[in-house]
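Dear colleague,

Please find below the structure that I am handing over to you. My notes on its charged side chains follow.

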Amino acid sequence: MDQRPDRALAALGFDPDAVLLKEPGILLDSHFLGALHVELREALGAEEAELALLQMGFLHGLQDGLRAVKEAFSENASECLVGPPLAIRLRAESDPAQPGAIAFQGLWPQRTEAWARATAVGQPDQPGCFLSAGYTSGWLSGTLDADILALEHSCRACGAESCSFAAREASVWRACGDPAVCRLLDALPFDAFRSYVGSNRDSAAAYEPEPEPDDPRAGIVHIWGPVMIIPFAEREEALEAVELIGNDPAASDVSVVVVDLSGASVTGQEGSESLERVVEMIEAWGAEAVFAAVSPAWRPVVSALERQPVAIHSDVPHAIAAAFQIASAQRSLS
């Protein structure tokens, strides 16, 4: 497997610079998780979808783990929330086969991914909370400065009482020789992922959910399956992007467009006309518009539009989650 994480994820159909890696909140939203499982399985197949989820979760967990370590040693360490946003219960244990090696038993008490997976794709016959496993692996790897893989061994979606896992060092897992486990380890080039998270940026600010207007990432258009995210901070560029993409046959599968108003200034009639035009063009090529980061200042402008978006949200993660739900509903009706 390619050891560069950007190529490794791209080979699975996942853009590592996409909004999914900048918005950790969407990975804890049950509705979004269910839609994500469905989209990945349909786009990549079940086995490759598992790897994509594992990698996605690992990168999120790693960035949070590294941030936790940095905050723990900061001047305001007492004010920092060091724990991970994904609820994790851990119990350290000793491994007779590898004395001194890191070993944990744990569970995810909220069972969010198990519920989402069972609701979206039906009751599975084996554990499959790969995003939670990836997040836990990344968080432990970042906080403990070791290569850790968390492997789920019982899942609530399969009828077990809890979603439980074992976490071991990569070398310990690999020594077991289990082909299925080795396949997961091969999907996690630990050093390359650490380099990716820390490259050319501060780990604690690697993935800000709402980049400043002068941030070069702010003008990036992302496409993820049937969902597209278009920033509106530079409205002329947004208009050009919608027009160009609407004429691109490669974007024919996009059925929901999230218009991100983060960083966009409200300028009365001019802003209203531009926004109206964006919605008009989105509808013209058969897609639905969802507005994200609609601040109080933007609400009067949005409510006065002749063409209303199908959904309006005050933050980006919920808007993206809603977009995937809408796309899923569209598919079921077609």
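A residue counts as buried under 20% relative accessible area, as exposed over 50%, and as partly exposed in between. Please note that this is a predicted model.

Glutamate 237 has a relative accessibility of 48%, so it is classed as partly exposed. This residue belongs to helix H9 (residues 235–246). Together with Glu234, Glu236, Glu240 and Glu243, Glu237 makes up a patch of negative charge on the surface.

Side chains of opposite charge can pair when their charged atoms come close.

- Glutamate 50 pairs with arginine 183, with 3.7 Å between the closest N and O atoms. Glutamate 50 is in helix H3 (residues 46–72) and arginine 183 in helix H7 (residues 179–186), 133 residues apart. Glutamate 50 is buried at 18%, whereas arginine 183 is partly exposed at 26%.
- Glutamate 93 and arginine 168 form a salt bridge with closest N and O atoms 2.5 Å apart. Because glutamate 93 sits in the loop between strands S1 (89–92) and S2 (103–107) and arginine 168 in strand S4 (residues 164–169), the pair ties together parts 75 residues apart in sequence.
- Aspartate 186 forms a salt bridge with arginine 174, the closest N and O atoms lying 3.4 Å apart. Aspartate 186 is partly exposed at 40%, and arginine 174 is partly exposed at 39%.

Finally, serine 137 in helix H5 (residues 130–144) is buried, with a relative accessible area of 0%. The side chain of serine 137 reaches the backbone nitrogen of alanine 150 at 2.7 Å.

With kind regards

Conventions: Residues are numbered from 1 along each chain as its sequence is written. This is a predicted model: local features need pLDDT of at least 70, side-chain atom pairs count only at pLDDT 80 or more; totals for chains, interfaces and linings use all residues. Side-chain values use heavy atoms; hydrogens and water are left out. Patches are made of residues with over 30% relative accessible area and no salt bridge: like charges are joined within 9 Å, nonpolar side chains (Val, Leu, Ile, Met, Phe, Trp, Tyr) within 5 Å. Accessible areas come from the Shrake-Rupley method with a 1.4 Å probe; for residues, only the protein chains shown count as cover. A salt bridge is a side-chain nitrogen of Lys or Arg within 4 Å of a carboxyl oxygen of Asp or Glu. Lys and Arg count as positive and Asp and Glu as negative; His and the chain ends are not counted. The place of a charge is taken as NZ of Lys, CZ of Arg, CG of Asp or CD of Glu. Helices (H or I, at least four residues) and strands (E, at least two) are DSSP runs, numbered from the N terminus. Buried means under 20% relative accessible area, exposed over 50%, partly exposed in between (1.4 Å probe, protein chains only). A polar contact is a pair of N or O atoms within 3.5 Å; within protein, one must be able to donate a hydrogen and the other to accept it, and residues adjacent in sequence count only if both atoms are side-chain atoms.
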